[in-house]
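I opened the model to look up a few local features.

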Amino acid sequence: MRARIRGRLRPWAVVGVALAVVAGTAAAAPGENPQDDLGPDITAIMNKPAYQHAQWGLLEVDPEDGRVLHSRYPDQFFMPGSTVKLITVSGAWHALGPDHRFTTPVHAVGRLDGSTLTGNLALVAQGDLTMGGRTKPDGSVDFTPIDHTYADDVPGATLTPEDPLACLDQIARQVRDSGITTVDGDVVIDPRLFTPPALNPQPTPLIINDNVIDLLTTPSSPGQPAQLSWRPQVAPYQVTSNVRTVDPGGTTDIQVNASPDGTSITLSGTIAADAPPTLKISQVQDPNAFGRTALIEALGRAGVTVTAPPTGPNPQAALPASYSGDPQVAAFVSPPYREYAKLILNVSHNLGANLALCNMAVGRGSSNCFDGFPVVHDFLTGTAKVDPTQFQLADGRGDVPVDRVTPTGLNQLLAYWLHTPDADAFRTSLPILGVSGTGALYCNTDACPAKGKVFAKPGTIIGFDWLNQQFAINAQTYAGYLQADDGHLYTFFVGVNGAAVPNIQGFFDVNDDVDQIAVILQQEACRQARNHPPHPTAS
């Protein structure tokens, strides 16, 4: 899979692909020791030319007794990238609970006369991340190693097979089963749960298909138009493709342009005849209007007629002050939050991480998503017993200049999880090296001894240095659990800030270097376990 994404990456992309679970202790933090003997293999990696002006941080701890195995600048701030999601998801997991489910109700507002509702159907958005669009038959949430939300930045992004409109079809059938066959009025999305914050990507109370349109181009014969499929297909969105198929080995370069309201999308460019299907996305500019039309169309498929025009703005002004006395005629219930945590951590789901702040704020009775930060602060200080000044956060995903973490802070946070009833569930929600999520992109053969034994979150911040015409890797980090052969867990953080490489292949090499250090640490952990008395397995 790693080879599939080595072709091209936008120079300005900020990619949050990372896995991390760190275990440590909440005792006194280990002191700085930049001269710690990291061994010849790790030292050789850190001394490569790409890191001439960079700074490495590393901390590995045995959480059972607090013994520090390796330490390099453990108390210094590092730009974290998506390892920030460990903090955000930890706060949301604790505040909401791993079994929390989002219930999105639909109310009949008006007068019911037989099978006719004279009035409006109101869907009250509840900040559900997937609205059933990824839910598998067993109730788990589906994902791929490179998520469709990264399709414009990372080659190799793929779709899950689930229908992104599944929730709306289910709601529509419930409305029909309630006895309503005609809505003599309108359908309204109620988005008043929270105010969409100034974060990128911006969370909204209603989210369908991550607020994007998927555009999949498949090559045909050279010289012929490429094939296009797109989803979800909702009026008035229209997609036109001018992409041509070129000879095998030719250039695959597809551009997407959309009208200001996002409803008219055009693809242009070329795709090689031997290229795999190429995925792109286009943003839904008005999630409420999109959701309204999608629900009206779903009602039509279920046999419910709505007299209002199906397209147009969401008539939010028609919403009542409350739904007292307005019967609930449908409701969609989400998978448990632990499934969303697994999705966010495994694919580094940026929208989900920012949405977690809103979910926490709503749980505290606020419609201001930034009120989620005090929830995280209280969790760190009151529950996890971690000094919050070891972190600096201004979003949920790890994408803004303010965001910083210390290796010690992450170790202490994730050590906390080892002593909770959710220890196994939280650890296994992380990408697993060589097995799942972004972890599946490295060490994915049986020849890699650490396969399946590193549970960790990676983080990346990359941009293009126009002055020197090279890639600047502001951060490549990795934090999580190392599992020894006897099942004992060690915690670690390893990361580099300030690397510079000449091309995109150099970026993948840096990513591999950080992953390889984790492999070396895991193998050392196995030797440590053999040289010390047996440990009880963490639970």
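My entries follow, one topic at a time.

**Entry 1: what I am working with**

I note that this model is predicted. I take local features from it only at pLDDT of at least 70. For side-chain atom pairs I hold to pLDDT 80 or more.

**Entry 2: α2 against α6**

I started with two helices, α2 (residues 84–96) and α6 (residues 350–363). How close do their axes come, and at what angle do they cross? I find the axes within 9 Å, crossing at roughly 40°. The two helices are therefore oblique to each other. I also looked up the hand: α2 passes α6 in a left-handed crossing.

Next I listed the residues that make the contact. On α2 they are K85, T88, G91, A92, A95 and L96. On α6 they are N350, A353, A356, L357, N359 and M360. I sorted these residues by class and got seven nonpolar, four polar and one charged.

**Entry 3: α6 against α7**

I stayed with α6 and turned to helix α7 (residues 372–384). The axes of α6 and α7 come within 7 Å and cross at roughly 85°. That makes α6 roughly perpendicular to α7; the range for that label is 65 to 115 degrees.

Which residues meet here? From α6 I noted L357, M360 and A361. From α7 I noted G372, F373, V375 and V376. The class count for this contact is six nonpolar, one polar and no charged residues.

I then cross-checked my two lists for α6. L357 and M360 are in the contact with α2. L357 and M360 also take part in the contact with α7.

**Entry 4: salt bridges**

Side chains of opposite charge can pair when their charged atoms come close. How many salt bridges does the structure hold? I read 15.

Is D62 buried or exposed? D62 is buried, at a relative accessible area of 0%. R67 is partly exposed, at 24%. I also see D65 here: D62, D65 and R67 are linked in a network of salt bridges.

I moved on to D214 and R231. The closest N and O atoms of this salt bridge are 3.4 Å apart. D214 sits in strand β7 (residues 212–218) and R231 in strand β8 (residues 227–231), so the pair ties together parts 17 residues apart in sequence. D214 counts as buried, because its relative accessibility is 1% and the cut-off for buried is under 20%.

D446 counts as exposed, at 73% relative accessibility. K451 is partly exposed, at 29%.

**Entry 5: backbone checks**

Most residues other than glycine have a negative phi, and most peptide bonds are trans. I searched for departures from that.

Where do I find cis peptide bonds? One runs from N200 to P201, with omega near -5°. P201 is in the loop between β6 (187–190) and β7. Another joins R231 and P232, with omega about -10°. P232 is in the loop between β8 and β9 (238–241). I had already logged R231 as the salt-bridge partner of D214.

I then looked at phi. M131 is not a glycine, yet its phi is positive, about 45°. M131 lies in the loop between β4 (116–124) and α3 (166–177). At 2% relative accessibility, M131 counts as buried.

K385 also has a positive phi, near 60°. I place K385 in the loop between α7 and β16 (391–392). K385 is exposed, with a relative accessible area of 54%.

**Entry 6: P502**

P502 counts as exposed, at 63% relative accessibility. What does P502 touch, leaving out residues up to four places away in sequence? I get Q469, Q470 and F471. I also took one distance: P502 and D465 are 9.8 Å apart, C-alpha to C-alpha. In sequence, P502 and D465 are 37 residues apart.

How values were computed: Residues numbered from 1 in each chain as written. Heavy atoms only, no water. Axes fitted to C-alpha atoms, helices over the stretch in contact; angles between N-to-C directions. Helix = DSSP H or I, 4+ residues; strand = E, 2+ residues; numbered from the N terminus. Parallel < 35°, antiparallel > 145°, perpendicular 65-115°, else oblique. Left-handed = near helix turned anticlockwise from the far one by under 90°. Contact = heavy atoms within 4.5 Å. Nonpolar A, V, L, I, M, F, W, Y, C, P; charged D, E, K, R; others polar. Salt bridge = Lys/Arg side-chain N within 4 Å of Asp/Glu carboxyl O. Buried < 20%, exposed > 50% of the residue type's maximum accessible area, 1.4 Å probe, protein only.
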